[in-house]
Amino acid sequence: MGNITFEECMLETRNETFKQRTFKTRHPKDALVNSSIIKELGVQEYDPRVVNQLLDFVYKYVTSMLDDSKIYSNHANKKNIDIEDVRLAVALRVEKDFTTPPPREVLMDIARTKNALPLSLVKAHCGLRLPANILFNGVQLQIETYKKVWNCS
């Protein structure tokens, strides 16, 4: 990059602070917090709509947590929500929505058990060879038809 003069540097600094001021005056504080989080994560360029999507997600998440906390508080016959109600709501939501996969050892044991069973023998005939225990092309359901008798007397 070439050398710039002091005046060009000051003009660039003024323009940058002007951009920051206009961003701050046009956007709510929560949007500024989200954009600063994005910048702290090292993201240099992003679509401005990402901030709105994050705001929407945070609003829905916090609202649902507070609604659940209110339900737990009412169940405990308390008038107000306290920190324990919020912790319970968050813990139950994490348990429900963010499940962890089983440990690798458990999956390996299941795989060993399943792989120990031999595959069914393939019959020696022409055509599509499918396992005998799976019915792909046969009738799966039996449908009975009833004749309705009309009595016109």
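Helices here are DSSP runs of type H or I with at least four residues, numbered from the N terminus. The model described in this report is predicted.

**Serine 73 in helix α3**

Serine 73 belongs to helix α3, which covers residues 49-75. Buried means under 20% relative accessible area. Serine 73 therefore counts as buried, with a relative accessibility of 1%. Leaving aside residues up to four places away in sequence, serine 73 touches Lys78, Asn80, Ile81 and Asp85.

**The crossing of α2 and α3**

Helix α3 also meets helix α2, and the axes of the two helices come within 9 Å. Their crossing angle is roughly 115°, which means that α2 is roughly perpendicular to α3. The crossing of these helices is right-handed. Each helix contributes the following residues to the contact.

| Helix | Residues in the contact |
|---|---|
| α2 | Asp30, Ala31, Asn34, Ser35 and Ile38 |
| α3 | Val50, Val51, Leu54 and Leu55 |

Sorted by class, the contact of α2 with α3 comprises six nonpolar residues, two polar residues and one charged residue. An α-helix has 3.6 residues a turn, so residues three or four places apart point the same way.

**Helix α5**

Helix α5 spans residues 104-116 and has 13 residues. From its first C-alpha to its last, α5 reaches 18 Å, close to the 18 Å expected at 1.5 Å a residue. Is this helix buried or in the open? The number of buried residues among the 13 of α5 is zero, so the helix lies largely in the open.

How values were computed: Residues numbered from 1 in each chain as written. Predicted model: local features only at pLDDT ≥ 70, side-chain atom pairs only at ≥ 80, totals over all residues. Heavy atoms only, no water. Axes fitted to C-alpha atoms, helices over the stretch in contact; angles between N-to-C directions. Parallel < 35°, antiparallel > 145°, perpendicular 65-115°, else oblique. Left-handed = near helix turned anticlockwise from the far one by under 90°. Contact = heavy atoms within 4.5 Å. Nonpolar A, V, L, I, M, F, W, Y, C, P; charged D, E, K, R; others polar. Expected span 1.5 Å × (residues − 1). Buried < 20%, exposed > 50% of the residue type's maximum accessible area, 1.4 Å probe, protein only.
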